Amino acid sequence: MSDKPKFLLEVGPHSERIEEFCNICDELGFEWKSAENYLVNPDSYQKFNGSDNVCTFGTLGFVKKIQMKTPLVPGSYCDFNNFKVSTYINHYYKYMFNLGVFAPMGYFTKNIPQFMKALGITDGRFFIRPDGGDKQFTGCVIGMSDTRLVEYLASRANPNTMCYICPVQETNNEYRLFMYHDKVVTGSQYRNSSGIHHGPVNEKTIAAAESFAAKNWLPEPLWVMDIHEDANGEMSIMELNSWSCSGWYQSDLRKIIEATARQMKIDYDNIFN
């Protein structure tokens with residue numbers, strides 16, 4: 001059992017920057033290990049023994065396995081319950097980019113026209129995502145005529161899976177902010193109006209994120225906020241995500257590692273010292 005921060009990285013979701021992450025860990029004196037994607041090797045999470053001070057970065061499925069199968073502390077920063085839309089929207093409602101309704105997948109797919117009418121949708125398109133933080137399917141825009149896609153989504157989720165359904169809004173600039181309590185650690189732009197676009201995050205977006213989080217409920221000490229900036233410069237929250245399972249894009253990895261190690265030490269000491 002050791003309180004020295006260690007890192008476990010699942011190969012796949014962060015592959016493009018794993019080497020950079022590991023090099024920084026080496027510079028800072030932190031042990032790290034990589035693991036195969038859990039779908040390829042279901043036992044790949046078994047890299048550290050006992051209650052070591054380890055934080056995992058990887059897919060939602062991999063992190064869920066770490067939480068269920070190991071005594072690692074903290075193991076991850078990914079409280080699945082707190083990253084349900086139905087949990088965090090109660091606290092960030094007035095800042096959300098898009099507001100909609102919740103419904104079980106089975107009920108929704110049988111009553112799509114009624115939902116379109118209730119939501120005031122006139123173009124036949126809607127956005128749907130799972131409510132759960134474990135994201136059984138990826139949120140997407142669907143048209144009423146896309147029957148195959150609707151059937152596909154229904155096949156990916158239990159009929160009782162709660163979903164969040166919204167009208168479609170055109171997007172502009174989107175940013176990812178890595179938060180330590182109510183302060184931004186680092187961040188990156190990941191989309192603009194033309195599509196995928198990776199770049200630095202501006203000061204206005206940082207200020208908006210910290211304003212939204214100030215004196216508000218926080219899902220975890222380390223967490224992620226995705227922000228939308230419209231063509232007029234107005235800011236709103238796209239969604240909240242977990243620290244352990246969010247893509248880094250062009251965020252500063254050294255800052256992410258240092259913030260993680262700082263909180264890991266606090267959490268470990270709270271349990272064992």
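Strand 12 (residues 222-229) is largely enclosed by the rest of the structure, because eight of its eight residues are buried. Here, buried means under 20% relative accessible area, exposed means over 50%, and partly exposed lies in between, using a 1.4 Å probe and protein chains only. The model is predicted: local features need pLDDT of at least 70, side-chain atom pairs count only at pLDDT 80 or more, and totals for chains, interfaces and linings use all residues. Residues are numbered from 1 along each chain as its sequence is written, and side-chain values use heavy atoms, with hydrogens and water left out.

**Overall architecture**

- The protein chain has eight helices and 13 strands; helices (H or I, at least four residues) and strands (E, at least two) are DSSP runs, numbered from the N terminus.
- The radius of gyration of the protein chain is 19 Å, which agrees with the value near 19 Å for a compact globule of 273 residues. This radius is taken over C-alpha atoms, and the globule rule is 2.2 Å times the number of residues to the power 0.38.
- The C-alpha trace spans about 55 × 40 × 30 Å along its principal axes.
- Of the 273 residues in the protein chain, 51% are buried.
- Among contacts between residues at least 6 apart in sequence, 66% join residues at least 24 apart; a contact means heavy atoms within 4.5 Å.

- Strand 9 (residues 173-180) pairs with strand 12 in the antiparallel sense over eight bridges; two strands pair if DSSP finds at least two bridges between them.
- Within this pairing, I227 of strand 12 is the bridge partner of Y175.
- Strand 13 (residues 235-242) also pairs with strand 12 in the antiparallel sense, over seven bridges, and its residue E239 stands opposite D226.
- Strands 12 and 13 form a hairpin with five residues between them, and G233 in the turn has a positive phi of about 85°.
- Helix 3 (residues 85-92) has buried residues V85, T87, Y88, I89 and Y92. The buried residues of helix 3 pack against several elements, including strand 12, strand 13 and helix 7 (203-213).

**The parallel sheet 2-1-3-4**

- Four strands in the order 2-1-3-4 form an open sheet with parallel pairing.
- Its edge strands are strand 2 (31-35) and strand 4 (73-75), each of which pairs on one side only.
- Neighbouring strands of this sheet are turned by 20° against each other on average, direction ignored. Axes are lines fitted to C-alpha atoms, for helices over the stretch in contact, and angles run from 0 to 180 degrees between N-to-C directions.
- Strand 3 (residues 53-57) pairs with strand 4 in the parallel sense over three bridges, and V54 has P74 in strand 4 as its bridge partner.
- Helix 8 (residues 253-272) lies across strand 1 (6-10), strand 3 and strand 4, and runs at about 135° to strand 3.

- Strand 5 and strand 8 run antiparallel and are joined by four bridges; V101 stands opposite I165 in strand 8.

**Aromatic rings and charges**

- The count comes to 16 aromatic pairs. Rings of Phe, Tyr and Trp (its six-membered ring) pair if their centres lie within 6.5 Å; planes under 30 degrees apart count as stacked, over 60 as edge-to-face and the rest as tilted.
- F7 and F30 form an edge-to-face pair, at 5.9 Å centre to centre with 65° between the planes.
- F7 lies in strand 1 and F30 in the loop between helix 1 (15-28) and strand 2, so the pair ties together parts that are 23 residues apart in sequence.
- Both F7 and F30 are buried, and F7, F21, F30, F57 and W248 form one aromatic cluster.
- K33 lies over the face of F48, at 4.7 Å from the ring centre, and R176 over the face of Y190, at 5.6 Å. A charge sits over a ring if NZ of Lys or CZ of Arg is within 6 Å of the ring centre and within 35 degrees of the ring normal.
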